[in-house]
Every structure is written in C-alpha cells, then in structure tokens.
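This briefing goes through one protein chain by topic, from annotated regions to single residues. Please keep the sequence and the structure open while reading.

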Amino acid sequence: MTEVRPTEAASASLWERDEELAAVERALDALCADRSSGGGILVFRGEAGLGKTALLAETRRIAEARGCMVWSTRGGETLRSVPFNVVRQLLQPALVSLMPEEAREYLGDWYDIAGPALGITEPGERQADPQGVCDGLVAAVRRLARRDWPLVLMIDDAHWADQETLRWLAAFAERLDDLNVLVVVARRPGEVGGDSARHLDTIAEAAGRPIANLSALTPDATGGLTRATLGAHADAPFCREVWAVTGGNPYETVELLAKVQDREIEPVEARATELRPLNRSARGGGLVTRLEGLGVEATRFAWAAAILGTGISVDLVAQLATMSHDDAVRCAERLRTARILTDLNPADAQAGDGDLEFVHPLIASAVYNSIPPALCTAMHGIAAGVVTDSGRGAAAAARHLLEVHPDDDPELVDQLREAAREHLAVGAPDAARRCLERALLEPPLPEVHARVLFELGRATLLTAPATTIDHLQSALGMPGLDGGDRVDAVVGLSQALLHNDQLEEAVRTVEAEAARHEAGATRMRLQAVQFMWEGIYAGESTSPGRSERLADLARTCTGRDNAERALLILRGFDAMTHGENAEEVVELCDRALVNGRLAPGLGWTDPEWGIELLMMLANAYAFTDRLDRAEALYTEALRAYESAGWSGGHLALAHAYVGVGHRRRGRLREAEASLRRSLQLAERVGRRLPLYWSATCNLVDTLLARGHVEEAWEVAEQYGFAPPYPSTIVLPDPRSVRGRLLLAVGRTKDGINELEEAEKAAAARGHHNPVLVPWAVDLARALAVVDPARAGRLAADVRRHAERLGTDTAIGEALRCAAALDTGQRAVRLAAQAVTYLEASPCQYEHAAARVEYGIATRSATELNRGLTLARSCGADGLVAQAEQALARVRA
C-alpha cells in the first residue's frame with residue numbers, strides 16, 4: 001500500500017495499486033522484449049467500483065507509450081445474450097483496417113468459418129460447428145496478432161461477456177505459449193455460473209500467476225485522495241468520514257468528492273454529516289431519485305440509453321424515447337452534467353458504438369433496473385423494431401425480443417425462428433436455443449408449434465442430446481410435422497438417443513416409424529437407419545435374424561439412390577464384422593459408390609446420413625485389406641471437416657480413423673500422432689463417448705505395437721480405458737485390446753479373463769473377423785503353457801475364420817499364431833507360410849513381426865536383418881529390440 005499520490009496521468013482510482021501496476025509493467029517488459037517469447041495473461045478481479053476500469057485505462061496508457069497496439073472491449077449486463085458480441089468489438093480495430101480481400105488473405109481457410117461470427121462475411125448454407133467457429137476465431141486472432149506485435153488485448157467486465165466470447169477467450173488463453181500477446185481481463189467475482197464460470201476459471205488457470213484481487217482503499221489512502229481532490233486543508237475527521245461512508249470504494253469516493261466540489265462543501269468536520277446522504281444519491285435508489293429530479297424527458301432518455309446498452313447515439317435514443325432531436329440533445333447534455341452519461345472515450349470507441357456511454361456500469365445497471373417492468377418490456381419491443389428497421393437482421397433484434405412478454409404474436413414467433421436460424425448459421429446454438437424456447441412461450445400457432453419444437457431439437461442436438469429427445473418426441477406427438485420434416489425429426493431423435501447412450505430406444509424409434517410407411521424411398525431410408533444403429537450396437541442383437549433380413553434387402557439394391565447405397569454399405573459392414581468373404585464385402589461396398597466416389601448427398605458433411613454410415617464403409621474396406629480405399633475415405637473425411645470448420649466430434653473421429661489407417665499400414669509413429677490429436681479433440685467433446693473410446697483404444701493398440709507398454713498402460717489409466725464399455729462397437733474390439741494390454745504388463749490372469757469376455761461378446765454378436773476382433777490369437781498364446789489343448793483349438797478356429805475371410809493379413813496372423821504354439825520343423829514351416837502371406841498384405845508391422853519370428857526360428861541373420869529393417873521403418877521399437885537381441889545371439 002502507498003500513501004503517495006499517483007502521477008497526474010493516473011486516475012484517482014489508482015491509489016494503492018502499486019502491485020498491480022508493477023505486474024502490468026513486468027508483463028509489458030516481457031511482451032516488448034522479443035517477438036519469440038510466449039504470451040501472458042493478467043486477471044484483475046474486484047467488486048464493482050474498485051477501479052478495474054481505471055486500471056485497464058492506465059494499462060492502455062503505459063502500453064501505448066511503449067508502442068504497443070491495444071485492442072479493447074467490455075461486456076455489458078444487458079448484452080450477454082448477444083453471441084460473439086464482445087469478440088467482435090475486440091477485433092473491430094483490426095477488421096476495419098482491412099479491405100475484404102486483405103481479410104480473406106490474412107485469415108486464409110478460416111475466413112469462411114470465423115468470418116460470419118465476426119460479421120465480416122455472410123454465413124454458408126449449413127449450420128456452423130460451434131467448436132470449429134471457436135477454433136477459427138483463435139486462428140484469426142493469432143494471425144492478426146502476428147501482424148500487430150506487440151499487441152495487448154483488454155477485456156473489461158468479462159463477467160458480462162457473452163458465452164461464445166468466453167469460450168473463444170478460454171481456448172485462446174490456453175494457446176498463448178507460442179504467441180506473443182498480452183491479454184488483460186478485468187472481472188467481478190461471482191456474477192456468473194455454468195459454462196461462463198467454467199470458461200472464466202480456465203482463463204484464470206491459464207494466467208499461470210496469482211489473480212490480482214483488488215481491495216478497497218485504506219483510510220490513509222482515502223484521506224490522501226480527499227486532500228488531493230479538495231485541497232490540503234481537508235481535516236482528518238472529514239477525511240475519515242469520506243472513508244466511512246464509501247467503505248474505501250474508489251468509484252464511490254471519486255463520485256462523492258466530485259459532489260462535494262459541486263456543492264462547494266468545506267472539507268471540515270462540521271460539514272462531515274452531509275457526506276452520507278450525498279453518497280446515497282450516487283447509487284441505487286438515491287441515483288434514481290437524482291435522475292427523476294432531472295425531469296421526465298431526461299429520465300426517459302436515460303431509460304432508452306439503458307435499454308440500448310451499446311451503440312448509444314442521440315438519434316437512436318430519440319427514436320426509442322419518442323422525442324424530437326432537439327429535446328434529445330438537451331436531455332443528453334443534462335445527463336452529462338449530472339455525471340450519468342458521458343461522451344464515449346475515443347480510445348474505446350468501436351464502429352457502431354454511438355457517441356455516449358454511462359459513466360460507470362453501476363449507473364447503467366441502476367438506471368436499467370429502475371425502469372418500470374411493463375415499460376421496460378414495451379421499450380424492448382420498440383427497440384426490436386428500431387433494430388429491425390435499421391436492416392441489422394433478426395439476430396441483432398433478438399436480445400430485445402427475448403424480453404418481450406408472451407402475447408400470442410405469430411410475427412414475433414417468426415422473428416425468433418429467423419433469429420435462431422441466423423444464430424445457428426454463425427455457430428451459436430445456445431443463442432438459437434434461447435430464441436426458440438422464448439418462441440414456445442408466445443406460444444406458436446397450433447400448426448406451427450411442432451415445427452418450432454423440431455427446430456429447437458435440431459439446435460440442441462450437438463450440445464444437449466437429452467433435451468433434444470424431449471423436444472423431438474413432443475414435436476412428433478403433435479400435428480403439423482409431416483413429410484420429409486417428420487422423417488428428419490425421427491432420424492434426428494434416433495441420433496440423439498444414440499448420443500445419449502439409448503441405442504435400443506433409437507432402434508425402436510426408427511423401426512416404428514418405418515412401419516407407418518408403404519414400400520418406397522422413405523421406408524427404405526428408415527430401414528437403413530434402423531440397420532445402421534443395430535449394426536453399431538455392441539450388445540446382443542436387438543433384432544433376431546437382422547443379418548439375414550439385411551442381406552435379403554441388399555440383394556434387391558442396385559445403388560440407384562442413396563437409400564439403396566446406404567443399405568449396400570450396411571450389408572458390406574455387417575458381412576465384414578461377421579468375417580464373410582472379403583471379396584464379396586468389397587463388391588458390396590463398391591456398388592455403393594458412383595464411379596469410385598461417394599455419391600452426391602452422401603458426403604462427409606451432408607446432414608442426411610451422418611458420419612456413422614461412411615465410417616462403416618471405410619472400415620469395411622480397412623478390415624478386408626483394402627487399405628488404399630479406406631485411407632482415401634479417412635483422409636477425405638479429415639479434409640472435409642477441416643475445410644468446413646468442424647472441430648468437434650466429427651474431426652476427432654476423422655483423426656482417429658486416419659490413425660487407424662496408419663496403424664493398419666504399419667506406420668506406427670504417424671498413427672500415434674493422429675490418435676493423440678484425436679484424443680486431444682475428443683477431450684473437448686466429452687469422455688465416455690464412442691468417439692473417445694475409438695481414439696483411446698487405437699492409441700493403446702498402437703503403443704503396444706510400438707513396444708511402449710508402460711506408456712500404453714498410462715494412457716489406459718489416464719483416459720479410463722477399462723470396463724464398462726460403450727454400447728456402440730469400437731474398432732478394433734476394445735476388450736481384445738485391453739486383454740492384450742493386461743498380458744503385456746504381466747497381469748496374465750486378468751488378461752485371460754478379459755479375452756474370455758471378448759470371446760463371449762464376439763459370439764453374441766457373431767463377430768468372427770479375426771483382424772477386427774483379435775482376442776483368440778492373444779488368448780491362444782496366453783494359454784499355450786497352462787492349457788495347450790485349448791490353445792490349439794483356438795488357433796485352429798482362428799485359421800478357419802481367417803480362411804473364410806480370405807485376406808492375406810488374417811491368414812498370415814493365424815499362421816503366426818499356429819507357429820508360436822508348435823515346435824520343430826512344423827513351427828518353422830508355419831512361420832515361413834506366415835511370412836509369405838503377410839508379405840503380400842498391406843500391413844507392414846505384422847509382416848515385420850513375422851520376419852523376426854521366422855528369423856528367430858531359423859536362426860537366420862538374413863531374415864532377422866530384413867525384419868529389423870521393416871521394424872525400424874514402422875517405428876516398432878519393441879520389435880527392433882527383439883530383432884537386435886536375436887541377431888546378437890546368432891552372431892555369437
């Protein structure tokens with residue numbers, strides 16, 4: 001603490017802020033020292049009036065004096081429902097300085113993804129992915145920041161920032177290590193909950209330094225400030241009373257001293273009794289009374305300004321307050337004199353901000369809360385009309401429409417539905433949800449009600465599947481949802497049930513709807529969706545005879561439309577999991593393509609069928625040794641989602657299966673990198689989801705193949721790779737992979753038990769593809785000593801299933817297993833046969849392992865060297881060590 005008066009350049013609210021200003025100086029030293037240093041975050045937290053805004057203003061002054069570029073913005077209490085509002089205002093200085101073609105050049109591929117959220121380009125036709133938009137905004141600011149170094153970003157009143165901005169800021173704060181930007185955030189404690197509070201906590205954690213919690217002024221500092229303002233003759237009792245009535249709150253102290261000056265009150269003990277009532281007039285009810293004393297028109301002007309919240313101009317307020325321009329000018333001047341409104345600080349001004357602002361957020365809140373409720377509602381309704389008439393669109397008017405009382409207004413319902421569509425188009429589903437929930441309260445006309453519920457269900461699908469289920473079930477129970485929309489609602493409901501781990505209910509839902517339709521394209525689409533959900537179910541079959549019925553239906557399909565193509569894919573995937581002939585599987589999948597490519601309307605970002613169907617197609621190829629086709633599809637998915645800005649579950653799954661492609665090829669280093677990236681993305685979506693299991697299972701499998709057993713175990717422990725398993729299937733089978741992991745870490749009994757559970761699960765589903773569900777090979781090896789007879793039967797079964805499937809990989813792996821169980825020349829012959837098959841397969845790691853095993857069996861340095869070379873190219877460190885040790889023994 002200090003009793004010394006701050007410099008003249010500093011605000012009176014900066015008394016006793018030496019520690020905070022020193023932190024600012026240190027952060028700016030680091031920022032300006034070197035372009036290559038990492039970024040930093042400062043968080044200032046304090047109750048209203050403790051000088052957060054003044055501290056940010058001083059930070060700006062210091063930063064600009066050092067040649068820094070400063071972008072700043074602030075949250076607004078009445079603007080929290082406006083998505084991307086704060087980040088738009090923050091980036092305004094950079095955006096207005098760029099021509100459209102320059103903005104596109106700077107933002108690159110992110111222009112079409114982040115541009116609509118920033119208001120610099122029109123959104124596309126499809127609903128934007130919220131995570132993709134967030135990532136696009138992070139990328140946009142990173143690219144702009146490199147141009148404008150050294151850059152300081154300042155966000156005041158962050159507790160009132162919209163949720164979309166806070167999500168972006170939290171993501172940006174976590175990625176500052178390689179970007180030299182200083183982020184300064186000021187906020188009140190508390191004030192928010194839910195996701196907004198979580199994002200603010202993430203920002204604080206990313207700061208990596210203690211949060212600066214601002215405290216009230218001490219009596220000595222209040223006395224120093226009083227004498228600095230009123231004169232050195234202010235006596236001690238008067239100064240103590242200033243502190244007593246303000247509690248040391250810097251804002252209240254400054255306001256009180258200004259009023260003492262206005263009233264020409266002598267700062268002596270005899271006049272100290274006047275301070276308490278004078279202070280009350282600066283806040284709450286006292287402020288309202290003071291406002292009313294300025295007259296009806298001035299009060300109405302202030303109310304209109306509070307309704308607008310931002311963009312306060314005399315002309316706009318005049319429209320909203322229904323007064324003439326001249327009267328509005330007089331009212332604005334009266335409110336300036338009363339220190340309720342002030343001219344907008346040019347340093348903080350943004351495009352469209354108007355020319356006025358409230359002196360302090362406390363005043364803005366007090367004025368807004370003083371508006372009679374009925375009048376407040378009416379003024380919001382008028383404001384919505386003013387915004388709409390100005391051509392800014394339904395989304396801009398939505399924050400006012402949300403405040404209007406329900407009144408059976410069909411036009412308002414239409415406006416809110418349009419606003420929801422605009423919000424979804426820019427990646428703000430929560431804002432869309434608020435609009436549609438408000439539309440339901442109106443309520444909509446009976447013939448529209450079901451459609452509003454349908455739209456609400458679609459808006460919440462990515463963020464709240466349980467809520468989506470309720471909305472879509474209600475919509476389907478009402479009249480008014482017919483034709484294609486009804487089918488879309490049923491399919492959407494089944495997807496929500498799937499995401500909510502209610503797969504059996506998802507199957508029953510589409511099955512019941514299919515029964516309502518005559519034979520034709522609609523019924524076939526529903527049947528395909530039913531078969532799709534049944535096909536990814538990991539438990540016992542929900543429909544006896546499903547595979548036979550699917551095969552019968554697929555036999556009638558020529559691939560003339562997407563419903564038939566979907567059925568061909570489903571039949572191919574089903575046949576692959578059951579271990580049917582690989583050539584027939586591939587022929588079915590090929591018939592689902594058009595000239596070797598996905599048909600129009602069946603692409604990775606097309607909404608009708610979803611990612612599950614196309615992943616089934618790619619995986620049917622992957623586990624029948626057609627890795628060229630599988631990898632082409634995996635890569636196409638990844639590029640499609642990156643181009644569309646889909647950074648959530650779709651992109652996570654695409655990275656996972658690109659990793660699967662690398663793993664099957666034997667490119668283990670590349671597989672590990674892709675799978676770690678997938679897991680990183682999956683963490684943002686949520687644990688225990690099927691996509692999370694795909695990333696974790698394949699990463700563990702890849703690490704085991706690399707010989708990194710301890711690391712594989714750490715991943716399994718960290719990410720919960722253990723029972724209970726998800727209700728949807730994961731490729732390869734997670735029980736088989738976990739059983740192999742347990743054997744690798746020496747928990748043989750547990751490993752055998754896990755592999756026996758895998759055996760039961762595979763039998764229940766009829767999954768006999770030994771590459772997809774490889775439990776038998778590991779179980780046979782584990783039982784070789786304790787139960788050689790059973791091990792031999794298992795090896796024979798593996799070989800039988802492999803020959804039925806007919807792929808080189810499956811047969812080669814079966815022969816490797818048989819060789820491991822046998823002895824003498826027969827074992828050598830089997831090992832040689834395994835090498836022959838696996839040399840012809842596309843799976844290089846399995847080929848390398850077979851070479852090493854054959855070299856050990858024959859004590860052949862040539863074979864061991866060939867295996868060693870292959871193992872090194874794969875990144876199979878464990879296999880490399882095994883081959884090197886065997887070579888040393890042979891040479892010895």
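Over residues 16-184 the chain is 51% helix and 13% strand, with the end C-alpha atoms 19 Å apart. UniProt, in an unreviewed entry, annotates this span as "domain: Orc1-like AAA ATPase". The model is a predicted one. The protein chain as a whole contains 44 helices and 7 strands.

**Whole chain**

- The C-alpha trace of the protein chain spans about 115 × 75 × 50 Å along its principal axes.
- Of the 892 residues in the protein chain, 57% are buried.
- Among contacts in the protein chain with a separation of 6 or more, 67% are between residues 24 or more positions apart.

**A second annotated region**

- The unreviewed UniProt entry also lists residues 493-520 as "coiled-coil region".
- In the model, residues 493-520 are 71% helix and 0% strand.
- The end C-alpha atoms of residues 493-520 lie 21 Å apart.

**Aromatic pairs**

- The structure has 7 aromatic pairs.
- One of them joins Trp 604 and Tyr 641, whose ring centres are 6.3 Å apart; the planes stand at 75°, so the pair is edge-to-face.
- This pair links distant parts of the chain, as its two residues are 37 residues apart.
- Trp 604 sits in the loop between α29 (582-591) and α30 (611-622), whereas Tyr 641 belongs to helix α31 (residues 627-644).
- Trp 604 has a relative accessible area of 4% and is therefore buried.
- Tyr 641 is at 0% relative accessibility, so this residue too counts as buried.
- Tyr 641 also pairs with Trp 646, and here the rings are stacked, 5.4 Å centre to centre with 15° between the planes.
- Trp 646 is buried, as is Tyr 641.

**Helix packing: α35 and α36**

- Helix α35 (residues 709-718) and helix α36 (residues 734-744) have axes that come within 10 Å and cross at roughly 130°.
- α35 and α36 are therefore oblique to each other.
- The crossing in which α35 passes α36 is left-handed.
- On the α35 side, the contact is made by Val 709, Ala 712, Trp 713 and Ala 716.
- On the α36 side, Arg 738, Leu 741, Leu 742 and Ala 744 take part in the contact.
- The loop between α35 and α36 holds Pro 732.
- The peptide bond from Leu 731 to Pro 732 is cis, and its omega is near -5°.

**Helix packing: α36 and α37**

- The axes of α36 and helix α37 (residues 748-765) come within 7 Å and cross at roughly 165°.
- That angle makes α36 roughly antiparallel to α37.
- α36 and α37 make a left-handed crossing.
- From α36, the contact residues include Arg 735, Ser 736, Gly 739 and Leu 743.
- From α37, the contact residues include Thr 748, Ile 752, Leu 755 and Ala 758.

**A distant pair of positions**

- Ala 374 lies in helix α18 (residues 373-389).
- Ala 374 has a relative accessible area of 61%, so this residue is exposed.
- Ala 374 and Ser 736 are 362 residues apart along the chain, and their C-alpha atoms are separated by 65 Å.

**Backbone details**

- Glu 442 and Pro 443 are joined by a cis peptide bond with omega of about -5°.
- Pro 443 is in the loop between α21 (429-441) and α22 (446-460).
- Phe 84 is not a glycine but has a positive phi, near 65°.
- Phe 84 is placed in the loop between β2 (69-74) and α3 (85-96).
- With 4% relative accessibility, Phe 84 counts as buried.
- Glu 264, also not a glycine, has a positive phi of about 55°.
- Glu 264 is found in the loop between α11 (250-263) and α12 (275-280).
- Glu 264 has a relative accessible area of 67% and is exposed.

Technical notes
Residues numbered from 1 in each chain as written. Predicted model: local features only at pLDDT ≥ 70, side-chain atom pairs only at ≥ 80, totals over all residues. Heavy atoms only, no water. UniProt positions renumbered as here; feature names shortened; annotations may be inferred. Helix = DSSP H or I, 4+ residues; strand = E, 2+ residues; numbered from the N terminus. Phe/Tyr/Trp six-rings, centres within 6.5 Å; stacked < 30°, edge-to-face > 60°. Buried < 20%, exposed > 50% of the residue type's maximum accessible area, 1.4 Å probe, protein only. Axes fitted to C-alpha atoms, helices over the stretch in contact; angles between N-to-C directions. Parallel < 35°, antiparallel > 145°, perpendicular 65-115°, else oblique. Left-handed = near helix turned anticlockwise from the far one by under 90°. Contact = heavy atoms within 4.5 Å.
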